[in-house]
Amino acid sequence: MNFLEVESLSKVFGGVHAVEDLSFDFQAGAVHSIIGPNGAGKTTLLNLLTGIYSPSAGRIRFEGQDLTGLAPHEFARRGIARTFQNLQLFFNMSALENVMVGRHLHERCGLASALLRFPRLSREELACREEAAELMRYVGLARYLGTAADAMPYGALKRLEIARALATRPRLLLLDEPAAGLNPTEALELDQLIGRLTGRGVTVVLVEHNMHLVMGVSDHILVLDYGRKLAEGPAAAVREDPRVIEAYLGSAAAARNLGAAGAAPRAGIGP
Amino acid sequence: MAARFATPRAGGMAALAALIALLPLGLRNDYFYDVAILVGLNAIVCVGLNLLVGYAGQISLGHAGFFGIGAYGSAILATRYGWPPLAAMLAATLAAAAIAFAVGRPILRLRGHYLAMATLALGVIVYMVISTEDRFTGGPDGMTVAPLAIGGWALRDPRLWYWVVGALLLAAVWFALNLIDSPTGRALRALHGSEVAAEVVGVDATRHKVMVFVVSAVYASIAGSLNAHFSGFITPAKVTFLHSIELVTMVVFGGMASTFGAVVGAAALTTLPQVLTPLKDYEMMVLGAVMMGTMIFMPRGVVPSLQALLTRRRDAAAAAAAPAPRPGDGQ
């Protein structure tokens, strides 16, 4: 049984095949990256893997359970969390409350106990608050504990999304372009954070354009192009793959680069 | 400092309780009591409606319908069928909750203007039923309603009604504050902030929207029942689309996502027309101007705008008092 199994997955929008007949397996405990040119179907794939889209065809199995066609909150319940390329935060709440919402699945709170504020609820709220604060410290947001989400800088918001996703206690975490818009220092810190995540028992799937980050942290890379699988394998092998270079730079550049020894780094997809 | 602001709930509740306790000192006759009771009943509806509109971000232009179900349900069962008024109220409330649940599931999948249209239609249907089923409801002429009797004792004195409504308003506010500050309330606010993000952290969007829709319908229904028993007479005017709009306007005027804002909005927009009566023909113009001015200068509503102003003042004072601001480290 594989950790995550995707089998002949397709998503069609009108006449556009955003993802087409895609199959792959991801193993637990590793960092997997999904790369590909713009429009390759990376974000569509993440939306399929979190139930935001339901597939036109194919199956998604996670830890042996078939999740195909379930609602997003069911994917979350099974242990899959994600962040968004364009921030999807609750700007009507404080940073800490954003993370506390991530604990939603782990709180037993009926309507009656919420309306009447039973003592047990107050105790659970304290524990929830403490755990959320701990996660904010873990991702390096200790100084924003009392801040409203809409008063935080962009780089901090990116990490707030990671803290909120971790609050669901996921076994699989999908990060959609976490480094986009970050400065080099912030990107380096993110690199270290992703490294620590696997130590927590979280399997990471990274969709990212920052090749330095991808090559540095990935155990396994899946390359998409026009919604299909172009290549997959360990970082070093993918980097040398002529089809990958061609997809990124066009065939002429690929031919040129293949002619030169050690071409891959100069081709723009090396570290 | 954190401790001081950790309990705006307790502070707000205490202030509201004190206001309710002291207000009778300024109420000179039964007419003043009538207005105060009307304020309280509208405030109960608005506190519930604000949970739906202000916190969960779902519009309803049909809440006068739930008010009407409560009012007429209570009136028909108590007056035509001789039920004890409290039992009639309970039955009407359950009916409103059941209707909200049954209708909520399909229509709360809609968003924005479409949800507005669907809730508007719901309100119109309730109005049509009430104004045409005149065998039960008296039609457009309305019907008399039995007073709220408990055992053999009937509650008629507006001064007693004032305390009953005041206590219920406090309870309504307390329940709303509790709900908002619970995991369920956070889930509702999260739906408003980003529905997709709420769903991917495990919030069942439909279930939570339906739940808050039912809660807000129950608030409106109870206020409707009380209104019917208090005034002793009910007409379909309270069930019109216009009344639905008035309720939403109160919530927006006082401040969305603010429970005390809903109370302030209900108080302001219920008393203003009474205060402006001496202006006769110009009454509606002045009322309109006051509302436009408020929304231009306090776009988030009265209470949140004043809160923001106070917070800015406090921060400015704190910055002036501190020796030097902490440098931002770009984290």
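Predicted model: local features only at pLDDT ≥ 70, side-chain atom pairs only at ≥ 80, totals over all residues.

Trainee: Switching topic. What does the domain assignment give for chain A?

Mentor: Domain 1 is 1-79 + 183-271, and domain 2 is 93-169. The C-alpha centres of domain 1 and domain 2 of chain A are 29 Å apart. Their contact takes five residues from domain 1 of chain A and five residues from domain 2 of chain A.

Trainee: On the domain 1 side, which elements give two or more residues?

Mentor: In chain A, α2 and α7 (184-199) do. α7(A) gives the most to that side, with three residues. By class, the side of domain 1 of chain A that touches domain 2 of chain A has two nonpolar, no polar and three charged residues.

Trainee: OK, over to chain B. How do helix α3 and helix α8 of chain B cross?

Mentor: Helix α3 (residues 30-55) and helix α8 (residues 158-180) of chain B have axes that come within 9 Å and cross at roughly 15°. Angles under 35 degrees count as roughly parallel, so that's what α3(B) and α8(B) are to each other: roughly parallel.

Trainee: Left-handed or right-handed crossing?

Mentor: α3(B) passes α8(B) in a left-handed crossing. By class, the contact of α3(B) with α8(B) has 20 nonpolar, two polar and three charged residues.

Trainee: Last one, K11(A). Where does K11(A) lie?

Mentor: In strand β1 (residues 4-13) of chain A.

Trainee: Does K11(A) count as buried or exposed?

Mentor: Buried, because K11(A) has 22 C-beta neighbours inside 10 Å, and the cut-off for buried is 20 or more.

Trainee: What does K11(A) touch, leaving out residues up to four places away in sequence?

Mentor: K11(A) touches A18(A), V19(A), T44(A), L48(A), Y53(A), P55(A) and S56(A). Take Y53(A): K11(A) and Y53(A) are 42 residues apart along the chain, with their C-alpha atoms separated by 8.3 Å.

Terms used
Residues numbered from 1 in each chain as written. Chains lettered and ligands numbered in written order. Domains from an automatic or database assignment. Contact = placed C-beta atoms within 7 Å. Helix = DSSP H or I, 4+ residues; strand = E, 2+ residues; numbered from the N terminus. Nonpolar A, V, L, I, M, F, W, Y, C, P; charged D, E, K, R; others polar. Axes fitted to C-alpha atoms, helices over the stretch in contact; angles between N-to-C directions. Parallel < 35°, antiparallel > 145°, perpendicular 65-115°, else oblique. Left-handed = near helix turned anticlockwise from the far one by under 90°. Buried ≥ 20, exposed ≤ 12 C-beta atoms within 10 Å, placed from the backbone.
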